[in-house]
Amino acid sequence: MIHIPDFANATPVQILFCILSVITLATAFLTIYSRNPIHSAIYLVICFFSIAGHYLLLNAQFLAIVHVIVYSGAIMILFLFTVMLMNLNKENEVYKPRVTRLGAIVLFCLMCLVLIAVFINSKPIPDGSYEVTGEDFQSIKVLGKVLLNEYMVPFEFASVLLLVAMIGAVLLSKKEKLQK
């Protein structure tokens, strides 16, 4: 049996969730489809902000603020500097073939269909009650323990990956300047 949500009786939180979801999907698609790398970076920042809105809807204010600071701030600045150093917006640049863009559109539509099917077929908890463990995951102390104990290795891998990407971008731009 297919469960279709009733939007006539939707709460403001559900309406805001739908609006943020549309913004997230649209800007993610525009990030991939845009020809101008600067426009792609701006669409990605908007996507990051809408994801932070989802965190706020889940009552995770700390994660929302950290997400905005880390992703929308630091990483997007890194991306923009990389784009500027490599001068990717050349007028004589060969753009992606139509087949690649068509493939991106097809994959985007398939992903949207899968997400819509998951959303439609999801079943809410019948009595509306959730299992409560008593642990406060909003606490920065608990979040720090989880992040630096259980997820220490992925956390460090991500930081090393970002450092290598930044060094690689600088080396590529210097090599290009030396060849001119």
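Buried means under 20% relative accessible area, exposed means over 50%, and partly exposed lies in between, for a 1.4 Å probe and protein chains only. The model is predicted: local features need pLDDT of at least 70, side-chain atom pairs count only at pLDDT 80 or more, and totals for chains, interfaces and linings use all residues. Residues are numbered from 1 along each chain as its sequence is written, and side-chain values use heavy atoms, with hydrogens and water left out.

**View A. His67 in helix H3.** Helix H3 spans residues 61–86 and contains His67; helices (H or I, at least four residues) are DSSP runs numbered from the N terminus. With a relative accessible area of 8%, His67 is buried. Apart from neighbours within four places in sequence, His67 is in contact (heavy atoms within 4.5 Å) with Phe48, Ile51, Ala52, Tyr55 and Ser72.

**View B. The stacked pair Phe29 and Tyr33.** Three aromatic pairs occur in the structure; rings of Phe, Tyr and Trp (its six-membered ring) pair if their centres lie within 6.5 Å, and planes under 30 degrees apart count as stacked, over 60 as edge-to-face and the rest as tilted. The ring centres of Phe29 and Tyr33 are 5.4 Å apart with planes at 10 degrees, so this pair is stacked. Both residues belong to helix H1 (residues 12–33), where four residues, about one helical turn, separate them. Tyr33 is partly exposed at 33% relative accessibility.

**View C. The tilted pair Phe29 and Phe108.** Here the ring centres lie 4.6 Å apart and the planes stand at 40 degrees, so the pair is tilted. Phe29 is in helix H1 and Phe108 in helix H4 (residues 98–121), so the pair ties together parts 79 residues apart in sequence. Phe29, Tyr33 and Phe108 form one aromatic cluster.

Key: Helix = DSSP H or I, 4+ residues; strand = E, 2+ residues; numbered from the N terminus.
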